[in-house]
Amino acid sequence: MNKVLSFFKENESQYPIIKNIRVYGWEFEYDHLIVSSLSKYLFEDLDIIENIAPETNENRDGRIREKKYITVHDTGDTDFRHTAKFWSETVYKQGWEQGPYSASFQYVTGNDGIYHNIPDNEIAYHAGDSTQFDYKLYDTNVTGENEKPVVTISEDGYYEVDGKKTILLAPRAYKTWKEKVVIDRIAKTSDINDQGVLCKLIDGKYYIGETYYSSTYEKISNRGGNNNSIGIESCITVGTDIYLTWQKTAKLVAKLLNDNNLSFDDIKQHHYFSGKNCPQTIRMNGFWEHFIDLVKMEYQVLQFKKEGYKIELSVNDERVKANGRILLRDFNKDDEIEYTISTIKDGVKEELKFKKVLKKFN
Ligand SMILES: [Zn+2]
């Protein structure tokens with residue numbers, strides 16, 4: 001068995017994920033049944049629809065910045081009319097039914113496609129962290145060897161790396177409301193956003209990124225969202241297949257990681273840059289780690305394709321689409337679906353049979 005088929009064998013599960021989730025929008029919330037696909041890899045090409053906003057747009061900043069992150073959002077918009085095309089046009093036209101629209105993002109994904117609105121290397125207005133501060137690293141004066149250090153805050157307000165106090169003062173928790181100061185104190189570890197503070201190990205020394213206290217969401221957050229990340233909105237439109245949108249988004253993220261030489265750690269939630277609960281539906285239903293798994297799968301398959309492998313799915317079951325999406329109907333307990341993944345390279349074809357058991361569905 002070649003390495004591609006071995007990789008699929010290691011990463012395919014016998015049972016699909018079947019879970020009822022809550023989808024959160026500002027108009028309304030709804031329940032939605034998530035059924036995962038045959039494979040964590042979505043068997044379709046990445047098709048990007050170019051709809052770049054005019055340079056004269058005020059929501060197209062135009063300044064070029066190095067990209068250090070991919071930022072994942074969801075639209076928080078459940079209205080059935082508000083598809084990816086709709087949101088792409090909203091950026092393009094700088095307006096929608098509620099008036100002028102001043103935000104922007106590089107991409108928006110949905111069942112109806114992946115739209116590209118702002119060039120990847122430009123600043124866009126999606127992360128809520130302003131454009132005044134670029135990605136920057138500060139020397140902590142703490143040495144170590146941990147590639148994934150944890151940043152906390154000491155009682156007197158300094159950042160700590162894996163418990164070792166640094167020379168860097170964390171931002172103060174400070175907020176005003178109607179011209180009155182309502183929060184003014186030394187920040188605590190619990191004020192840090194869920195995804196933490198940027199901390200890099202370089203030549204045996206830790207460096208911490210540019211941070212600030214977001215008074216809107218009352219969280220210590222990281223800078224560089226608008227300037228140094230590629231922002232992706234994902235639609236949660238009612239009536240659409242949310243899991244398909246997640247898979248399309250994962251495929252896009254994998255391509256952008258590849259193109260910008262970024263790692264899986266560089267995929268961030270909007271939350272990381274402002275403390276906002278976004279992408280809310282993925283966060284609230286505990287699907288972030290699974291989403292990252294989808295990206296890892298897409299990324300590896302992209303590497304195999306670059307090596308010249310052609311990879312195909314064959315399934316002869318009307319309950320499954322050609323791209324591997326299991327349709328949300330017609331299942332009985334203990335039903336099984338058989339499928340084959342094949343590879344072709346240098347004229348040699350190999351294949352492997354798989355089986356999915358829908359046992360947990362009832
Ligand atoms: Zn967001």
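Which protein donors hold the zinc ion, and how far from it do they lie? His 73 (ND1), His 270 (ND1) and Cys 278 (SG) are the ones, at 2.1 to 2.3 Å.

View 1. We're looking at a predicted model, where local features need pLDDT of at least 70, side-chain atom pairs count only at pLDDT 80 or more, and totals for chains, interfaces and linings use all residues. Numbering starts from 1 along each chain as its sequence is written, and side-chain values use heavy atoms, with hydrogens and water left out. Donors here are N, O and S atoms within 2.8 Å of the metal (3.2 Å for Na, K and Ca); water is not among the atoms, so sites may look incomplete. Along the chain, the zinc donors are spaced H-x196-H-x7-C.

View 2. Helices (H or I, at least four residues) and strands (E, at least two) are DSSP runs, numbered from the N terminus. Both His 73 and Cys 278 are buried, meaning under 20% relative accessible area with a 1.4 Å probe, protein chains only.

**View 3. The chain around the site.** The protein chain has 7 helices and 23 strands, and 55% of its 362 residues count as buried. Its C-alpha trace spans about 65 × 50 × 40 Å along the principal axes.

Notes. Buried means under 20% relative accessible area, exposed over 50%, partly exposed in between (1.4 Å probe, protein chains only).
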